[in-house]
Each structure stands twice: as structure tokens, then as C-alpha cells.
Amino acid sequence: MVISEEEEAAAASRPSNDVVPGCVDYYGHPVQRSKSGRWRSASLIICVEMAERFAYYGINSNLINYLTGPLGQSTAAAAENVNAWSGTAALTPLLGALVADSFLGRYRTVVFASLLYILGLGLLTLSAVLPLFISSNCQTTDNGNACSPPQLQVILFFFSLYLVAIAQGGHKPCVQAFGADQFDPLDPKECKARSSFFNWWYFGMCGGNIATVSVLNYIQDNFNWGLGFGIPCIAMGLALVIFWLGTLTYRFSSISVEQSPFVRIGMGFLKTVRNLRATSVEETRVQCHQNSQQFEGLNNALLSPDDHSAEDGQISNTNDTEEEKGLVRLVPVWGSCLIYAIVFAQAFTLFTKQGVTMDRSITPSFKIPSAALQSFINLSVIIFIPIYEQILVPITRTLTGTACGITKLQRVGTGIFLSVLTMAIAALVEMKRLEIAREYGLVDVPNATVPMTIWWLVPQYLLFGITEVFTMVGLQEFFYDQVPREFRSIGLSLYLSIFGVGSFLSSFLIFVIEKTTGGDRDGWISNNLNRGHLDYFYWLLSGLSALGFITYLYFARHYVYAHYGKVI
């Protein structure tokens, strides 16, 4: 969206502080600060995210029970499939961000991704009701394990599931980046509001999650899986309508680039490699004395052994090189958060299966779905975010002098430390559950209910939510803030990819544990959890988290913050 000379002249005649620099409306006209963006637009976008999270967790939160129930998979196989799908859903934002930042823009990418999302959810609903129209001679066995479902149902289910993962890849990074774009980083008040946006974004997202686990999971477990998948489809349709309604109030970037930022940065890395042999390190330092000396090797992209100039495209300019360094600086932080992502995956897989074995009775005729306890994660977030925003930030701001109270990396590190305690508590609770199962002679009775109330799991869920307030929100703001403006979608997709890779690592770790500890019968993660040792697995994760925390501290301590066109 390029502004014409007439529009620029008209903008110049208005009060300068009312025109948002670098932004236009949907039609390409300059936008006034008082009539566009800010919380009015951001609130609509947060509502869209709430609906999308309602839909996504309508699948994810109870997926392991669908796989071990109607699809008849083992516990370990189902956990691996959930992790594989969650990992894919968290990695596809890299592709969605590439499309958005290089071709379609964030707004159009969200619209197209939403349509694909609705299609995937519709097909998923069809796969769940398909057995009603396919005759089968299959009967349920005495141990409660159903026979193999129709092959057509399995194929359609997984096709639909991964179609949703692809759609989420376009929706997730773009809608959040687009929401943050509604605040001007050059305006002190809006810059501060943008930091709060990430807190309230996560607050709204968890509100959608609570609706999922308190309503949808009950419908799926007690009524019909087709209805349980169909409601999220309707929710995504409403989300798309809400997003469209705010179109005329949104702020769009007016910056047009002749070359894709990905191509530009990629070429910069290639020029660095090309010049490594042609130029000595000392020569690099002499010619780049005004440039940052961190990651000095990348300064080779600025050099031209063949007397080329920056204008002919054979060498990089200083800004491009600094952007390359900014991206490289993110890699150690990204890698040191992977163990936290492995821990994060357990709340939607093994925590849920753990709850199935426990006493879930609320009344003699009503049992709470095991997946419903995930609502305590979201409840914890909803309670703690206002405490963090209204109490902790002002107090720490007074002590540190930092606008946000603590730095983004300090916030992330606090959550990683708390994840160590979370897994230790989970291990202790599982030890107690196994002790009661042995005491009542239930070790070899896989479908028996252990006389231990499911509320024992609440502390680990609540603490898990507090870790998210620190680590998840901190990572979102960090990866949005520490990339150039045209890379904002890719920045958030990098944050999401931590949890994608973490899910695959969790799946691989479960596979290794299953193969080395006795398989799905007598191993740590047995189909019969009363014979297994989830407590050993949780202690292992607690130890790995402690190691990850130490690694993170090292890299965070040496990180140098970048400042891309904002108030410092």
C-alpha cells in the first residue's frame, strides 16, 4: 500500500502528532492516531484469537482421549501422535510468516488461513460422524479397547487434522503480529501499551481455552465427538466475521520493499561466506570500525574484494548486516528454551491420561473429564496476569527503573525456573498415586479407578499456568521486539517453533523411553499406568529442566538487545 503525493500533502496539512508515521488504512490512505488502531482495533483482534484458541484447543486438549478411544491407539502411540501434530502445528507458522511478510501481508494471510481453518474443522467433524454411516460388524472387547475403526475414517481424520495445522500456521503468527502493529512504537504511550498488549493477549487466549476445556471436553466425552468438533468450526466462522468487522479501523504498514526481506537477509549470509576467503579478519575490522563488533564474521558481507559497491548489490549495507546479526543473536535463546517446550507438551498428553485413572466424581452421576483440569492452567493465567500487570510490574519498575519492571529475558528465565518445580510436584503426585494403586491391589487392573481424587493434580496445573505468564508471554514479546519491522511475523513464528520442535523432541523422548524401559506393557509409559512409572519420567524432565535453566542463564546473560525504530 503506497501513499500518493497528493495523500502525503494532505497528511502534511494535518496536525503532525495525529498522523501515524509509516501506517495507512485498508485503502492506502494516511491514518489518524485518534481514529485508528490502539486498543479499539487490538480488542477485536484479541477476540479473534480467543475464538481461534477455543477451536484449536477443542482439538488439542482432548485429542489423546480420542486417539485412545474411538481410534483405538495405545497410550504411548497416542502421545507420540499428539506431539507430532502439535509440533507440526507449531512449525507451520514459519511458512505462514514467510508468505505474510514476503507476499500477501498479515491481514490477507489471516483471512485465507481462517477459511482453510474452517474447511479443516468441517472435514474433521465429518470424520467423527462417518462411522454412523458405515456399517460395521465390529464389537467392543471386554477390556474396553475398541477394534480398528474404518480406514476411511482414519485417513480423513488425519488429513483434516493436518489441514488444521497448516491453517494454524498462517493464522497464529500473523494475527498476533497484526494486533501488536496497532500500536505505534514511536509514541511513548502506545509503546508502553504494546507491552501490555502481550499480557492481555495471553489473558484473552486463556479465556478461550477455559471455555474449551469446561464445555467442549464434556460434550466430547459424554455426548458426541462430531458435535465436539463441529462447535469449534462454528467458532472459527464467527472469528472470521469479527476480524472483517474491524477492517476499516486497522493500521497497515505503508512501507513497501522491492525485495523480500528473506531474500535480502539470505543474500547477506551468502555474501559473508563468499568473502570469508577473500578478506582477512584484520581487514574486516578496519573497514567496519563503525559497525557492531559482535559476530564479527558477518561483517565480511560489507566487504568487496573485487571493488564492488553496495549500490550494485554485490555487497551488503550496514543495516542489512545488523539485521543478520540480530537474527543470529536469537538462536542461542531459541535453543535454550527447547527443554521448557518438552515440559509444556506434557500438560496435554500424559497429565491428561494420568487424570483418567483417578477418581473424577463430582456427584454420583457426574464425572469431570480429565482434560477439563487444563482449565486450571488458564484460570491461573487469568488470575495472575492482572496481578503481574497491576502489582508486580509497578513494584519491580520502582526497583529496576525498567519500564516493564524486569527485562524480557528475566521474565522468560523466571518461568523456566518454575517449570523445574512443576515437574517435581508432578512426580511427587504420581508417586502417591502409584502407592495408592499398589495399596488397593490395582496394579494389574488397568481400567480400575484409583481411589485418589483428581484434585491432587490441580497444583501442578496451577503452577504450570504461572510459568506460562512468565515464559510464554515473555517469549512472545521478545521475539516480536527483537526482529526488524518487516520480520515481525517470522519473529513470532520463531517463538512458536520452539514449541513445535519441543513437541517433536517430546515425542522422540517418549519413543526412546518406551523402547528402553520395557515397551507399552511394563515400561515407564505403560498402557496400564498403574504398572508404569510416570514418576520416573517426570523426575527426568525436572532434571532436564534444571539443566536447561542453567544453559538459558548463560546465553541470556550475554545477550545484547536490539532496538528497531522504537522509543528507548
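Glu 430 and Arg 433 form a salt bridge, with their closest N and O atoms 2.9 Å apart. Both residues sit in helix 15 (residues 408-439), three residues apart, about one turn of the helix. The model is predicted.

By the rule used here, the salt bridges number 11. Three of them are listed below.

| Salt bridge | N to O distance |
|---|---|
| Glu 430 and Arg 433 | 2.9 Å |
| Arg 53 and Glu 49 | 3.6 Å |
| Glu 190 and Arg 251 | 2.9 Å |

Arg 53 and Glu 49 lie four residues apart in helix 2 (residues 38-60), so about one helical turn separates them. Arg 53 has a relative accessible area of 4% and is buried. Glu 49 is buried too, at 0%.

The bridge between Glu 190 and Arg 251 joins distant parts of the chain, 61 residues apart. Glu 190 belongs to helix 7 (residues 188-222), and Arg 251 to the loop between helix 8 and strand 3 (252-253). Relative accessible area is 5% for Glu 190 and 1% for Arg 251. Arg 33 and Asp 184 join these two in a salt-bridge network.

Helix 8 (residues 225-245) has 21 residues and spans 31 Å, close to the expected 30 Å. At its start, a side-chain oxygen of Asn 224 comes within 2.6 Å of the backbone nitrogen of Gly 226. Buried residues of helix 8 include Gly 226, Phe 229 and Cys 233.

Phe 229 is also among the residues that Phe 157 touches. Phe 157 is one of the residues with the most contacts inside the largest nonpolar core, which has 129 residues. Helix 16 (residues 458-481) gives the largest share of this core, 11 residues.

The structure holds zero disulfides.

How values were computed: Residues are numbered from 1 along each chain as its sequence is written. This is a predicted model: local features need pLDDT of at least 70, side-chain atom pairs count only at pLDDT 80 or more; totals for chains, interfaces and linings use all residues. Side-chain values use heavy atoms; hydrogens and water are left out. A disulfide is a pair of cysteine sulfur atoms within 2.5 Å. Helices (H or I, at least four residues) and strands (E, at least two) are DSSP runs, numbered from the N terminus. The expected span of a helix is 1.5 Å times one less than its number of residues. Buried means under 20% relative accessible area, exposed over 50%, partly exposed in between (1.4 Å probe, protein chains only). A polar contact is a pair of N or O atoms within 3.5 Å; within protein, one must be able to donate a hydrogen and the other to accept it, and residues adjacent in sequence count only if both atoms are side-chain atoms. A nonpolar core is a set of buried Ala, Val, Leu, Ile, Met, Phe, Trp, Tyr and Cys residues joined through side-chain atoms within 4.5 Å. Contact means heavy atoms within 4.5 Å. A salt bridge is a side-chain nitrogen of Lys or Arg within 4 Å of a carboxyl oxygen of Asp or Glu. Lists of a residue's contacts leave out its neighbours within four places in sequence.
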